[in-house]
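Q: Could you walk me through this structure and show me how to read its contacts and salt bridges?

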Amino acid sequence: MTAMTHQMLGLFAETPLHAGGGGKEELIDLPIQREIHSQWPCVFGSAMKGALRARADQLGMEKDLKTTAFGPDTLNASEHAGALLVSDARLLLLPVRSLTGHFRLVTCPALLRRLLADRARAGLAGEASTIPDVAAGTALVAGSQQSETLFLEEFAFTPAAWPEVEAWVERILALVAPVAGLAEDDTRKALTTQLTLVDDDSFSHFCRSAIPVLPHVRISSDTKTVEGGALWHEESLPPDTLLYCVLAAQPPRSETHRELSSAELLEQTLQALFDDGPYLQVGGNETTGMGWCRVARLGSEAKGGEA
Amino acid sequence: MTGLPLYAEHRAPASFPARGQGHPGLWFERFFAQYARDFSLGNEAKSDFLKTLCAPGPGALRVGDPDALKAHWMRQAALMAHRGGRQCAFSSRWHFATGLGLPHPVENGLLFHPTLGVPYLPGSSVKGLVRAWIEQHLAEPEAALKRIFGSRSKDPAASDEFVAGEVLFFDALPVEPVSLVIDTMTPHMGQWYEQGAEQPGIRETLPADWHDPVPVPFLAVKQTSLAFPFAPRVRRDDTPALLALVEEMLERALWHAGAGAKTAAGYGSFAACDDDVVKKLDDWTRDIEQAWEEARERQALAALSPSQQRLAWLERAVQESVNQNPSSGGDFRNALLADVREAAVHWPEADRDALLALVQSFLKTHGSKNKLKEFKQLRRELWGD
């Protein structure tokens, strides 16, 4: 197999995001997808690929390119595989409510370590940066905010300075697509203020306890009372959650695009998907406004990515 | 985990840190500390706690950060522009309550947005509100219902035309900080609701007016303005008409039926925004349109070849009076001639001809006779015509 080409997509949630895990947990009727070993929320690769393919359908992407990238439809699935490999969307920043500032964008060493590994895999080496140790009960933040106790949900943390926070802010910003009308500097300032590093165990706990769960009812118009069985609790990632997904392209296998390199195919596919606007709808409940992500493209030659 | 505030060594603050812009929803849901030693709730306990979020007095609390709410509105506007949707704003005429059914020690909850810290109306509520209005008030609602909300049955096997609705309803959020207020409800027929069916006909369980009212304080939102974004899921020829229908139905449902809880008691009725809110949103709209315009121009410029970019720049530069002025524009005229020399070697023919025409007409109007002569000589040298 010849060379593969990679791109990383930053997915910044504009609206609540519910990628359903199926099944029912104790109190939550509709839980979100999680990684089994860590309890970190995620969006499975199959759901991500479906979201990308649905966007291709909606935009009317040229049929041959679509088939080459995503594979033929089910009836012709034996012809050839698609050239695009779509990873799970992995969590990087989780918004957690706080008593200092409305919320903090919280992450942990294990997530940062994995981000560096995924960047290396995608050919985005960049400068080496250290991942600090953080003790239980301590939260690392940008230097200027060390005075008071930091509450994340109902848990008290002692803030301490995060020495390399600026390098991490820049690295994370590359995964956040800009919005026309909002100054990039304001986004940087907000991220610097909100970025908070806690230990892995505390983070896993937040991944269980700090994710919004909303009750839903369906009310009958005739009686103005709840319809039978139509009360359910649904979990969703809050807006401002940052996930990322690694796309890899293999050299095309379809007859029509044999002459394209994997890099050309990936570029053409992503242009077709996102030239119209940096948005992707991921997960369920589209018609109640959920799942809209702002998409940043981070390729080895792309703007914002280090070669 | 350390620092569980429920235990002896907790570090929970004594009061809500209003000035630090903490999350009021977090305080409201997780820091209730008004139980007596035997875990009973005294008469004043509930309202004492609610007062931590809305006591009048110096620095009375308005929840929400104006800059964050503006940024959210602008992000939604960008998303709506991408989707071909719109966001309509309405102001509540009086109080508004959302999420009263959420569990809370004071009996009634209030739904706060997880990141913005303000009460809001989820997109699913907006969708339900519009649906209920259409079901009850449109003469023949079936076609509209199916297009806007999708097939009635949620079972794929039950229906041949199993489709999702064509309209996306997003969360409705305040456009400016919100004042909270303590309201009191006085239910006095609790026994009727709890036991009326099992033990009918006895004095205690009758729904009558001789029972003592039980005052229950709860948190509500003072008059506020919400932005309701909605957008088409698919675009068809008649989508604008469909969106207009949705907007009309939303407006009527908000005004007549009301949004959120306790609408029968006058809560949650929304009408057109006050003038100052309209003006603020107009200003924001202008800001964002200007930013889009600039972004488009930058993009268009970046897509041009170097010679086209230079031409575009020159076309603007020849309009500026400082370049047209005979005494100050000397450098500019020399630069024009330098461009002509450059164009002779490197520019594509079409751009070169455009440049020659531009330079000639500029020098004719604003140049000295000498410069025009110099230009013509240069042109002869380079092209021999």
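A: Let's begin with a term: a residue is buried under 20% relative accessible area, exposed over 50%, and partly exposed in between (1.4 Å probe, protein chains only). By that scale A:Asp57 is partly exposed at 43%, while A:Lys66 is buried at 16%. One caution: this is a predicted model, where local features need pLDDT of at least 70, side-chain atom pairs count only at pLDDT 80 or more, and totals for chains, interfaces and linings use all residues. Residues are numbered from 1 along each chain as its sequence is written, chains are lettered from A and ligands numbered from 1 in the order in which they are written, and side-chain values use heavy atoms, with hydrogens and water left out.

Q: What do A:Asp57 and A:Lys66 form together?

A: Side chains of opposite charge can pair when their charged atoms come close. The rule for a salt bridge asks for a side-chain nitrogen of Lys or Arg within 4 Å of a carboxyl oxygen of Asp or Glu. A:Asp57 and A:Lys66 form one, with their closest N and O atoms 2.6 Å apart. Over all chains, the rule counts 33 salt bridges.

Q: How do I read the size of the interface between chain B and chain A?

A: The size of an interface is often given as the accessible area lost when the parts come together. Here that buried area (1.4 Å probe, summed over both parts) is about 4,300 Å² for chain B and chain A, with 62% of it on carbon and sulfur atoms. Counting contacts (heavy atoms within 4.5 Å), chain B gives 57 residues and chain A gives 48.

Q: How many salt bridges cross the interface of chain B and chain A?

A: Five. In one of the salt bridges, B:Arg30 pairs with A:Glu153, and their closest N and O atoms are 2.7 Å apart. Those two residues also belong to a salt-bridge network with A:Arg97, A:Glu154 and B:Glu29.

Q: Where do A:Glu14 and B:Arg75 lie?

A: First, the pairing: their side chains meet in a salt bridge at 2.7 Å, N to O. Helices (H or I, at least four residues) and strands (E, at least two) are DSSP runs, numbered from the N terminus. A:Glu14 sits in the loop between β1 (5–13) and β2 (42–43) of chain A and B:Arg75 in helix α3 of chain B, so this pair joins two chains.

Q: Are A:Glu14 and B:Arg75 buried or exposed?

A: A:Glu14 is buried at 2% relative accessible area, and B:Arg75 is buried at 13%.

Conventions. Buried area = accessible area lost by both parts, 1.4 Å probe.
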